[in-house]
Amino acid sequence: MANKLDGKVALVTGASSGIGEATAIALATEGAKVAVSARRSDRLESLVKRIADSGGQALPIVADVADEKQAQDMVSKTQAEFGRVDILVNNAGVMLLGTIDGANTEDWRRMVNTNILGLLYATHAALTIMKSQGEGHIVNISSVAGRVAQAGAGVYNATKWGVCGLSEALRQEVHSEKIRVTIIEPGAVATELTHHITDSQAKERISKWIEGIKPLESEDIANAIVYAVTQPAHVNVNEILIRPTDQ
Ligand code: NDP
């Protein structure tokens with residue numbers, strides 16, 4: 001039986017771990033050729049091998065999405081290798097929690113540059129290709145933090161709120177070109193996301209909270225993304241908000 005994404009090409013950013021890695025595997029399982037991108041090349045190489053061992057096709061692309069040129073090249077390489085770009089999953093992100101007062105402002109720049117600008121650079125480059133194809137699907141990973149603000153998460157909230165706002169505006173701008181835009185808003189997912197928090201108190205607080213609940217698995221989010229991108233062309237799943245039952 002044919003797979004739902006046979007003949008499609010996907011590009012997943014932040015594919016070296018967590019949600020991006022699971023999403024790349026899920027899209028490849030559905031038949032898509034998948035370009036997997038992040039900064040850690042060793043992780044990408046082992047992911048590509050896993051996908052190939054299961055009969056899929058994947059291409060590793062080392063890129064820092066916060067660098068506009070690298071984000072553009074990432075999209076061009078996908079098209080050069082696989083011929084098209086049907087699905088872009090803008091998943092790369094960092095969550096450097098901490099209060100605004102007393103923050104290390106370098107954390108703010110990393111979050112804004114990755115979570116907002118990185119997503120925009122990749123989208124900007126992909127839109128040109130999707131318009132020429134007459135179709136495309138952009139999936140932007142926001143968060144429950146794009147809907148509910150919390151003390152100690154202000155700048156992360158701002159980036160994920162931003163992703164929701166720009167995604168809805170983009171949806172209105174490009175739907176006439178048959179380009180769909182979907183926002184995915186996960187609650188707590190067991191990944192490496194918290195490992196990178198630089199504020200030790202904020203890191204301890206969130207780690208303890210996650211230990212006390214049953215968080216989502218990356219595959220739970222990958223399943224939601226597969227659902228959104230396998231709907232018929234006239235269906236645009238605008239937004240999926242998924243929390244662990246405990247949250
Ligand atoms: P991980 O830390 O496991 O994955 C983050 C990914 O982003 C990694 O592959 C990392 O790869 C990549 N990345 C980070 N910075 C850059 C950059 N500058 N350029 C390219 N790639 C980058 O966390 P998750 O899987 O949890 O996070 C994925 C997304 O899901 C993020 O946008 C996050 O905000 C969002 N999210 C996560 C939730 C959770 O509870 N886990 C909840 C809600 C949303 P590398 O370091 O190799 O570059």
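Residue numbers start from 1 along each chain, following the sequence as written. Since this is a prediction, local features need pLDDT of at least 70 and side-chain atom pairs count only at pLDDT 80 or more, while totals for chains, interfaces and linings use all residues.

The protein chain holds 7 helices and 7 strands; these are DSSP runs numbered from the N terminus, with helices being H or I of at least four residues and strands E of at least two. In sequence order they spell out β-α-β-α-β-α-β-α-β-α-β-α-α-β. Along the principal axes, the C-alpha atoms fill a box of roughly 50 × 40 × 35 Å. Of the contacts with a separation of 6 or more, 72% link residues 24 or more positions apart, a contact being two C-beta atoms, placed from the backbone, within 7 Å.

As for burial, 45% of the 247 residues count as buried, that is, 20 or more other C-beta atoms lie within 10 Å of their own, with C-beta atoms placed from the backbone. Strand β6 (residues 179-186) has 8 of its 8 residues buried, so it is largely enclosed by the rest of the structure. Ile 179, Val 181, Ile 183 and Glu 185 point one way from β6, and Arg 180, Thr 182, Ile 184 and Pro 186 the other. In a regular strand, side chains alternate between the two faces of the sheet.

Next come the partners of β6. Strand β5 (residues 136-141) pairs with β6 in the parallel sense over 6 bridges, where pairing takes at least two DSSP bridges, and Asn 140 sits opposite Ile 183. Helix α5 (residues 154-174) carries the chain from β5 to β6 in a right-handed β-α-β crossover: with the strands pointing away from the viewer, the path from the first strand over the helix to the second runs clockwise. Strand β7 (residues 239-242) also pairs with β6 in the parallel sense, over 4 bridges, and Glu 239 in β7 is the bridge partner of Ile 183.

Around the ligand there are 30 residues, of which Gly 14, Gly 18, Arg 39, Arg 40 and Gly 93 come nearest; membership requires a C-beta atom, placed from the backbone, within 6 Å. Helices α1 (18-29) and α4 (105-133) are the elements giving two or more residues to this shell, and α1 supplies the largest share, 3 residues.

Note on methods. Buried ≥ 20, exposed ≤ 12 C-beta atoms within 10 Å, placed from the backbone.
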